[in-house]
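I set down what I looked up, in the order in which I looked.

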Amino acid sequence: MLTRNHVKEGILTTLRFLFGAIVFSLMYVPVVIIIYQSFNAGANSISPLSWGGFTWENYAAMFTNRQLYTSILDSLLVSLWATAISTVFGLFASIGIHALNKKARKAMDFLNEIPMLNSEIVTGISIMLVCSLLKPLFPNIFGFWSMLLAHIFFCVPYVILMVLPKLEQTDESLFEAAQDLGCSPWKSLMKVIIPSLTTAILTGALVAFTLSIDDFVISFYTQGNGFSNFSNYVYSSYTKKNFSAGAYAFNALLTFVTLGLVLTISLMSSHKKTKKAKV
Amino acid sequence: MKRFKGLAVPYFVWLILLVVVPTITMIVLTFLQSNGTNLDGAYWSLDSYRRLADPSILKALWNSLVIAFWTVLFCFLLGYPVAYFLSFSTHIKNKQLFLLLLILPMWCNSMLRIVSWLRFFSTDWLSPLNLVGTNGAVIFVTVTTYLPFMVFPIFTVLEKMDRSLIEASSDLGVPAWKTFLKITFPLSLEGVSSGVIMVFLPAATGFAISETIGQGKVRLMGNLIQAVFEKNNYNFGSLLSLLTSIVILLLVGAVAGIREMHKRRKVHHVNA
């Protein structure tokens, strides 16, 4: 009886792992293709995915293909600014929302969900319309500024989503203690409350950057005056058939860098935890 | 920390400006015939509303809902077991690592992932299947793109679940499948509904996947809106955008409403 159960359990476990492996591989097919293509000398050939030998040339194309190079720079420029601004904006907005009374809080929570629940295409068109209205005042708004505005708009709610729950868990007495010890309210906020939120803030920034660098639809509607981003480069160059394999190289590189960054952060935080545990 | 209430004000103003102003602009535009947002020579007209009668619009709306429905269903069928095995497995020591593995593909550019699938479907051994340009291929690529959005909320809810309930049920001799149906699954519905919303939204309104994988043969709401704006027809485009938002908000509201009702019934149950 026991052995039969063991066998059954063993088969079930194998099936579970098999199922998981299939699902994971479904998601990894494009990742593998991107990395494979980034080293493939035949990445641009007409017969898809045929191996033309190993090369570093695609990585060089990142810098030599002007269109690709500009779109990478534009992407990084918008995403880094959008991440920085929306993290700070989202942090202070969270502190403000946390202080609201119940009724105002509910209204704010609802408003904050709109950018997340609205479809990307409508968000993109909305920001484009706002920028069109502002165009008489700021003739050069389309391009960097419109895209930055749009990216901040959709990133802030996610920063709040990460920071607000942590803020709710912080001990209010810490804040009061700092004031009893002679800190001004602002100083206690800056020196006590905000440092206690570091992990949540970093997570929020990472989510904002991930969303921003990957965005296609919203940037599609807010690009202009020769300013575009990487996703839109891929889309338009692929439809115009002048796609450079350097795009694979850039993306593979970005994935490796992000992975390294996340591993460092998680290692650092677990190191901190063990250090704390020792104390 | 009540004194920092004022910090919510800039964000409130920001949201009003970037949500309310464009919505009003769109509503006004639907009643006009104009050249983009340029009002020189614009006149009041109900032409946009008349164009709604065009059957291709209803068809695109229906197509979007059908494609999103299948995407959500497949994401659920693939994502729920993965979240469940990951959460309940006694073999996996490092769950964080598996979560990381699940997010990793999302750091690859989504547009480039779509292009990669397109190349993959066009290889010598897959091209005889003629996948490119079919609804099935569009659904398949959409599922692989948004699957993590289904797995994460379900996993989070399962992790928070009180395991003693399940132990109690098995101690009372209830078979495992019945425990799952009566306890685990109902308690995880909150995560499922979040996942459903998070997958449904981009699946129903996107246009990148249907444009590239569908090769123009799969026309969804997003493709229609994009085509109309490309022709600089902001009037009809605004109307279609508002229509999409209304349909989406109604559906999301329905899911949220069901969830709320479910929650209330649960509370009632406990009180009784």
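**Entry 1: helix α1 of chain B**

I worked on a predicted model. I began with the buried residues of α1(B), which are Ala8(B), Tyr11(B), Leu18(B), Pro22(B), Met26(B), Leu29(B) and Thr30(B). I then checked the geometry of this helix, which covers residues 8-30 of chain B and has 23 residues. From its first C-alpha to its last it reaches 33 Å, close to the 33 Å expected at 1.5 Å a residue. I kept in mind that an α-helix has 3.6 residues a turn, so residues three or four places apart point the same way.

**Entry 2: Val151(B)**

I next looked up Val151(B), which I found in helix α6 of chain B, residues 135-160. Is Val151(B) buried or exposed? I counted 25 C-beta neighbours inside 10 Å, and Val151(B) is therefore buried, the cut-off being 20 or more. Which residues does Val151(B) touch, apart from those up to four places away in sequence? I noted Gly79(B), Val82(B), Ala83(B) and Leu102(B).

**Entry 3: chain B as a whole**

I turned to the fold and listed eleven helices and two strands in chain B. Read from the N terminus, the order of elements is α-β-β-α-α-α-α-α-α-α-α-α-α. The C-alpha trace spans about 75 × 65 × 35 Å along its principal axes. Of the 272 residues in chain B, 39% are buried. I looked at contacts with a separation of 6 or more, and found that residues 24 or more positions apart account for 74% of them in chain B.

**Entry 4: the contact with chain A**

How many residues of each chain take part in the contact between A and B? I recorded 62 residues of chain A in contact with 60 residues of chain B. On the chain A side, the largest share comes from helix α1 of chain A, residues 2-38, with 14 residues.

**Entry 5: confidence**

I closed with the scores. Chain B averages a pLDDT of 88, and 97% of its residues score at least 70. For the complex, the predictor gives an ipTM of 0.88 and a pTM of 0.89.

How values were computed
Residues are numbered from 1 along each chain as its sequence is written. Chains are lettered from A and ligands numbered from 1 in the order in which they are written. This is a predicted model: local features need pLDDT of at least 70, side-chain atom pairs count only at pLDDT 80 or more; totals for chains, interfaces and linings use all residues. Helices (H or I, at least four residues) and strands (E, at least two) are DSSP runs, numbered from the N terminus. A residue is buried if 20 or more other C-beta atoms lie within 10 Å of its own, exposed if 12 or fewer, and partly exposed in between; C-beta atoms are placed from the backbone. Two residues are in contact if their C-beta atoms, placed from the backbone, lie within 7 Å. The expected span of a helix is 1.5 Å times one less than its number of residues. pLDDT is the predictor's confidence in each residue, from 0 to 100.
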